[in-house]
Amino acid sequence: MRIAMVSEHASPLAALGGADAGGQNVHVAALAAAMVGRGHEVAVYTRRDARGLPRRVATPDGYEVVHVSAGPAKQVPKDDLLPHMTDFSRFLLQDWHDQRPEVVHSHFWMSGLASVLAVRRDGIPVVHTYHALGTVKRRHQGSQDTSPAERIAVERLVGHEVSAIAATCDDEVDELITMGLRRDKITVVPCGVDTKLFAQIGPVAQRTAPHRIVSVGRLVPRKGFADLITALPLIPDTELVIAGGPPVLKSDPEAQRLLACAEAHGVADRVHLIGQVARTDMPALLRSADVVACVPWYEPFGIVPLEAMACGVPVVASAVGGLTDTVVHDVTGVLTPPRDPRALGRALRKLIADSSRREAYGMAGQDRVDARYTWDEVAARTELVYQRVAASDDLAVAR
């Protein structure tokens with residue numbers, strides 16, 4: 001099957017940890033590679049965000065990355081990209097003129113818009129993954145939400161236009177139905193984890209305290225790092241390592257805010273912001289933790305808990321979004337209320353003090369990843385969605 005993946009701001013070639021580079025980049029890259037491994041031909045379309053990038057890049061994993069000229073050839077915040085989606089869709093229409101994909105898989109709402117505009121003439125089936133929903137972001141961020149005003153309306157339009165929706169968790173399904181989208185269009189297909197890279201056996205990063213908590217993510221307030229710092233006085237003999245953000249943190253306002261928070265709570269000597277970590281170094285960092293904490297205010301899915309579970313490390317997570325699917329409370333880790341540092345501190349202190357419980361959670365987490373969240377399993381479930389919409393398209397053409 002010839003598959004076109006559209007990921008307008010999240011290139012599979014991007015370095016992770018920047019303002020707009022995170023889980024979606026990992027998802028698109030890993031899914032593309034897994035689909036190639038299942039015998040499919042895959043091209044990923046992403047916006048050209050720097051001068052000098054070749055139009056097409058063949059990756060070692062067998063899929064192709066196509067750089068789309070839409071807007072200036074420089075880094076642009078994703079919330080400013082909507083005006084360039086018409087040019088993006090024109091590029092797709094032209095590129096698909098001679099070699100029509102059998103299915104298009106769009107990632108994020110603007111990619112969905114560009115894709116449904118590009119396929120209207122030829123009727124190519126589109127599968128869409130939202131990765132995040134504007135309704136959820138607006139609910140939690142309110143006036144701080146920087147999304148374009150049109151986002152929610154466009155997300156609803158995309159949901160009506162596409163052939164199928166691949167939701168990443170049950171919580172998202174409920175949200176989509178509330179938006180008025182058809183339940184029979186929606187299939188839950190979670191994100192996955194690279195179990196060859198993230199595994200229990202391997203190098204372990206050094207630590208400087210008897211116990212260690214690791215948390216990973218973009219340095220934005222909603223990731224809950226300040227809540228972890230606020231909870232740290234309740235957890236003795238433990239250091240907190242926060243990985244993510246730009247390579248240099250001195251000029252990053254969120255990094256400076258977190259350091260000031262640590263100073264105010266008297267734990268500056270136990271809080272370490274280490275900035276961007278190479279993906280190949282991430283397993284060693286996760287293995288060095290007694291607990292991996294993932295405590296956002298809201299989270300569409302969250303790949304870091306899966307990576308920790310694959311490494312045999314227990315997880316303490318907020319009971320929000322996709323984390324309630326991946327982390328089984330009192331089986332693979334502990335779920336706590338979001339934005340509650342006191343409850344978070346109690347949960348972390350109790351788990352760090354109980355090595356047997358941590359070991360049991362770690363083993364259960366590995367088993368859960370192996371059964372449900374390998375990329376081959378995720379690709380197999382995605383393939384079924386592709387085959388269903390392609391079959392429906394063939395039937396419609398025949399009629």
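I count a residue as buried when its relative accessible area is under 20%. The model I am reading is predicted.

**Entry: G345.** I first located G345, which has its place in helix 12, residues 341-352. Its relative accessibility is 0%, so I recorded G345 as buried. I then asked which residues G345 is in contact with, leaving aside its neighbours within four places in sequence. They are A231, L234 and I235. I also looked up the separation of G345 from T230: the two are 115 residues apart in sequence, while their C-alpha atoms are 8.3 Å apart in space.

**Entry: annotated span.** I consulted the UniProt record, an unreviewed entry, which annotates residues 210-366 as "domain: Glycosyl transferase family". In the model I found this span to be 38% helix and 18% strand. The C-alpha atoms at the ends of residues 210-366 lie 24 Å apart.

**Entry: helix 2.** I next turned to helix 2, residues 85-95, and noted M85, F88, S89, F91, L92 and D95 as buried. Why do these residues lie on the same side of helix 2? I found that they cover an arc of only 155 degrees around the axis, which puts them there. I recall the general rule: an α-helix has 3.6 residues a turn, so residues three or four places apart point the same way. On the other side of helix 2, I recorded R90 and Q94 as exposed.

Finally, I checked what the buried residues of helix 2 pack against.

Terms used. Residues numbered from 1 in each chain as written. Predicted model: local features only at pLDDT ≥ 70, side-chain atom pairs only at ≥ 80, totals over all residues. Heavy atoms only, no water. UniProt positions renumbered as here; feature names shortened; annotations may be inferred. Helix = DSSP H or I, 4+ residues; strand = E, 2+ residues; numbered from the N terminus. Buried < 20%, exposed > 50% of the residue type's maximum accessible area, 1.4 Å probe, protein only. Arc of directions from axis to C-beta. Contact = heavy atoms within 4.5 Å.
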